[in-house]
Amino acid sequence: MIAFALTACSGSESEPGIGQVSAFHLGGREIPVAGSGVEADQTDVTFVGQVAVTALLPEQATARPPIIMLPGFGIAVTSYLETPDGREGWAMDAIRHGHPVYLVEPALSARAGVSPDQSIRLFSWGSHNVWRRWGLGEAYPVPFDDGQFPAEYWDDVVKSFAQIQVGDATGRGMIAVQNDDTVNGIRQLLDRIGPSILLVHSASGTPGFEAARNNSDDVLAVVNIEPVGCPTEALEQWDGIPVLSVFGDHMEVRPQMPPRQRNCQTTVDYLQANGTAADMFALPRMGIRGNSHLMMDELNSSELMAMILEWLEDNI
């Protein structure tokens, strides 16, 4: 583990900055590796399936619980640290509100560690196709007129994409490849830091919800941003775990998204009816237009995080 203190300048005396940063790995399993050594003539062992964690602690300790943030599939967790146009990201918003933040790179990603087997396939998103898929515009590179994403910084986002080890899997199977290892890493992190809030985005909803179900005493709430994996069956397992779902705009170009939102609405409706705090922030219905799948990167990102933090303050 690497740890060091930072001298931080906060916006005001009531808004802490970062007091300490540490970095470590959790989980993983030992595997043999052939062809290691500088001459590729040795057989040895290494680890695969670990998650990488960056811990950011406020300079002023508060009673507010930690927030564990996981990125979407193939998206770098640094998307929570800073927006593409250089503003403070959701992690800093949470820290200034007094929450310790733990940024988790999922298992089997290039940033956490992949298998040394050269036959393993690495997946990466392409720049042009996800423009429409994620709701930035009808077709690359033209943004929607009301788009919140700072389009001139798109190439910086693409450069940050994290390649994912997927083997021969496609579609939802690619997510499943990572799932068990990522859930194990989240469990070990909860064991280390205690009861926490999970904030998950897109495909990280799948391991996030599973980790919450398996560790309900240590998960204070699940904030999910346009996730895969909102539960629609055996919902009694979620009694007592507050859930907040957040969905953006321009579903007309994102056919994969309305089914996700319907699943999350099912979860929210059940929890509300059974006495657990739950809400759906459907941003266009709230008069907030133009947000894409990358709402943590967008021009109104801090306003959205303020809404999330206020909801957490009121419901846990």
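User: What is the bridge partner of isoleucine 68 in S5?

Analyst: Tyrosine 102 is the partner of isoleucine 68 in S5. This is a predicted model, in which local features need pLDDT of at least 70 and side-chain atom pairs count only at pLDDT 80 or more, while totals for chains, interfaces and linings use all residues. Residues are numbered from 1 along each chain as its sequence is written, and side-chain values use heavy atoms, without hydrogens and water.

User: Why are S4 and strand S5 said to pair?

Analyst: Strands (E, at least two residues) are DSSP runs, as are helices (H or I, at least four), numbered from the N terminus. Two strands pair if DSSP finds at least two bridges between them; S4 and S5 (residues 101–105) have three, so they pair, and they run parallel.

User: What makes the unit of S4, helix H1 and S5 right-handed?

Analyst: A crossover is right-handed if, with the strands pointing away from the viewer, the path from the first strand over the helix to the second runs clockwise. The β-α-β unit of S4, H1 (residues 90–96) and S5 has that hand.

User: Which way do the side chains of strand S4 point, and are they buried or exposed?

Analyst: Ile67 and Met69 point one way, Ile68 and Leu70 the other.

User: Where is the kink in H4 centred?

Analyst: The kink, of about 40°, is centred on asparagine 179. The bend at a residue is the angle between axes fitted to the seven residues ending there and the seven starting there.

Note on methods: Buried < 20%, exposed > 50% of the residue type's maximum accessible area, 1.4 Å probe, protein only.
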